[in-house]
Amino acid sequence: MLSLIPSILQRNTRALDPEDRNKSPLVPIRNISMEDDNEVYDDMNLYITPESFIVEPNGSGEVLIIGRHDKVTRVQPTGGQLLNLRPTRRICGVLGTIHLLSCDYLLVVTHRLFVGVLNGSIVWRLAGYDIIPYIPNAIQRKENETYLQMLRKTLDTKYFYFSYRYDLTHTMQRRRELQAQTVRQGLLQRADPRFVWNGHVLQQFQCDKMERFQLPLIHGFVSVNQVQINGQTFFWSIVTRRSVQRAGTRLFCRGINDEGHVANFVETEQIVEFNGQHTSFVQTRGSMPFHWQQLPNLRYKPRPRLVPGKDHLSACAAHFRQQVQLYGAQVAVNLVDQKGAEGELEATFARLVKELANPMVKYEAFDFHHECRKMRWDRLNILIDRLTHDTERFAFYHCFDDGRLVSTQTGVFRTNCIDCLDRTNVVQSMLARRSLTSVLQKLGILHVGQPVEQASRGFEDLFKGVWADNADLISLQYSGTGALKTDFTRTGKRTKAGALQDGKNSMIRYYLNNFADGRRQDGIDLFLGNYLINDNEGGALPSPLEWRRGWRFFAFPSVLLMAMAMFMITLTYPAEFNTENLLFMLFWSAMIAVSATGILHYGVEFVQWPRLFPPVAFRGA
């Protein structure tokens, strides 16, 4: 199957026309024959007229017509709609439509990148899109441009993935379980709504025969690799899906909501395809399932706190009730510190699981930082060994092309640390390695007793690299930077260079979390439909984008900058020091200290907060 890849890439590039010179060379064209029965159209012409958008799938006998004024959407047989019209551009997907202040906007896929072939279907990565106004000459307000910037910021976040035939939102096991119920449904209709990131913008298309025009997107990470071990060739893939439920950024989205949805919930599936057999091993991660927050306040590490007045047990019970229904038995692996502020959260989690008394939920705490202090990362094997029985008990999903079922996965490891990023990914990669050894031995690729890490040096490097890339992408999507501790994932040991890179990423995280993530959180809420724009904003109703800063926001930084400038002048300007210069230096030093202390004390007033849904704790600040 890998031999098809060069032809796929060759058939999905062409020389640019003169009017395409400023566009990416990756353009949509027809796929190879395996995609001829796509459930969603993959190659279309977009016609733009004053009255409508017309989407014409190549090789099809129907067109999609979207009214630009009445906003009515309909699918019709191809007739005279395209008479005397020339296509405005080629597109390879329709993402949906969204309402902003001036008018509605159509979102389309313009460029894509080949990722790999998964279960006989091509997986693509979103590489380009366009946002087209329904009314091009509508009166533009400055707030509308801000909303457009939010939307682009979200769509530019690496990476979104899609397939025209394969349902990326479901694990292999779920697809089999739902197959009888969804056989007559379109790709969007049978998708898991938890992982469809453009579900809100696709809801605008509610007409008959629309299914083949609706392209679901997932956000996360996908890697498809052809591997050879012991002379046997197979495909090894990772599919990571981020949930839209309680989606957000690192410090503005923590804990759980009343419906039992946790922040940064991610499902990761490890897939092996070999000689007509398919296996799948699923893990999940998510914020600790009770009400807690860690709002930014300019301090390097804000203290996490429980939210008072909330029913933590009820929310936790709702969360695990959903997880057990979806995945079976749960082993909650908690990697947070067991002392200090994190220790309070760990104790709360342990207490709640005990009070739940749910035999399907097991709690396993492991103080990652304490156990692995002084770079003793080999001690992680203590945790993996403790989980061996559960790994064997849960097993993995295994079936044949002809539908014969060998085994199912009966439970998952639900891993978390404070962010569910760095420590979590390290442990998940080790659990995946342990499961992969069992899978490859079952398939006859590995000899009995042969661990996968000793079977092939090339695959070992690939395995570490892919899991490190998975860590970086999920971290980038949640915190704004690559993951920490990926040197261990990539090399199997902690290095000083890796520690320095972690320090760099930590400083970037600090800046983004305090001064940039408010706008990023707003973009996510806008794209997912958590916030619906009212046309009266900025007129009869106040605009949430209008934000009045207090006097401290301008006064303290101004004094600090002036004091620092005067201190440097006093330090460098005079030819010789005297008592007067020393007094000046002491005075400006004191001003620097006072203004810096004031900024830290009133830190919440200097943070860039979300404006569509400001945190409750800040509204009264």
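Which residue forms a salt bridge with Arg-194? The partner is Glu-267, and the closest N and O atoms of the two are 3.9 Å apart. A salt bridge here is a side-chain nitrogen of Lys or Arg within 4 Å of a carboxyl oxygen of Asp or Glu.

The model is predicted: local features need pLDDT of at least 70, side-chain atom pairs count only at pLDDT 80 or more, and totals for chains, interfaces and linings use all residues. Residues are numbered from 1 along each chain as its sequence is written, and side-chain values use heavy atoms, with hydrogens and water left out.

The protein chain is divided into domain 1 (37-216), domain 2 (217-494) and domain 3 (551-605), with bounds that come from an automatic or database domain assignment. Between the C-alpha centres of domain 1 and domain 2 the distance is 31 Å. In the interface, 32 residues of domain 1 are in contact with 35 residues of domain 2, where contact means heavy atoms within 4.5 Å. The two domains bury about 3000 Å² between them, 63% of it on carbon and sulfur atoms. Buried area is the accessible area (1.4 Å probe) that two parts lose on being put together, summed over both. On the domain 1 side, Tyr-161, Arg-194 and Trp-197 lose the most area to domain 2, together 25% of what that side buries. The rule finds 2 salt bridges across this interface.

In the whole model the count comes to 35 salt bridges by this rule. One of them joins the side chains of Lys-362 and Asp-390, at 2.8 Å from N to O. This pair links distant parts of the chain, 28 residues apart: Lys-362 is in strand β17 (residues 361-365) and Asp-390 in helix α9 (residues 388-394). Helices (H or I, at least four residues) and strands (E, at least two) are DSSP runs, numbered from the N terminus. Lys-362 counts as partly exposed because its relative accessibility is 32%, whereas Asp-390, at 1%, counts as buried. The classes are buried, under 20% relative accessible area; exposed, over 50%; and partly exposed, in between (1.4 Å probe, protein chains only).

Arg-552 is partly exposed at 22% relative accessibility, and Glu-605 is buried at 17%. Elsewhere, salt bridges that share partners join Arg-174, Asp-192, Arg-194, Arg-241, Glu-267 and Glu-269 into one network.

Helix α15 also holds Pro-557, which counts as partly exposed because its relative accessibility is 25%. Not counting residues up to four places away in sequence, Pro-557 touches Arg-552, Ile-599 and Phe-606.

Met-568, Leu-571 and Phe-577 make a nonpolar surface patch of about 290 Å². Patches are made of residues with over 30% relative accessible area and no salt bridge; like charges are joined within 9 Å, and nonpolar side chains (Val, Leu, Ile, Met, Phe, Trp, Tyr) within 5 Å. The accessible areas come from the Shrake-Rupley method with a 1.4 Å probe, and for residues only the protein chains shown count as cover.

Some backbone features remain. The peptide bond from Lys-158 to Tyr-159 is cis, with omega near -15°; Tyr-159 is in the loop between α2 (142-155) and β9 (160-162). Ala-357, in the loop between α6 (340-356) and β17, has a positive phi near 50° although it is a residue other than glycine. Ala-357 counts as exposed because its relative accessibility is 62%. Ala-395 is not a glycine either, and its phi is positive at about 60°. Ala-395 lies in the loop between α9 and β18 (397-400) and is partly exposed, with a relative accessible area of 24%.
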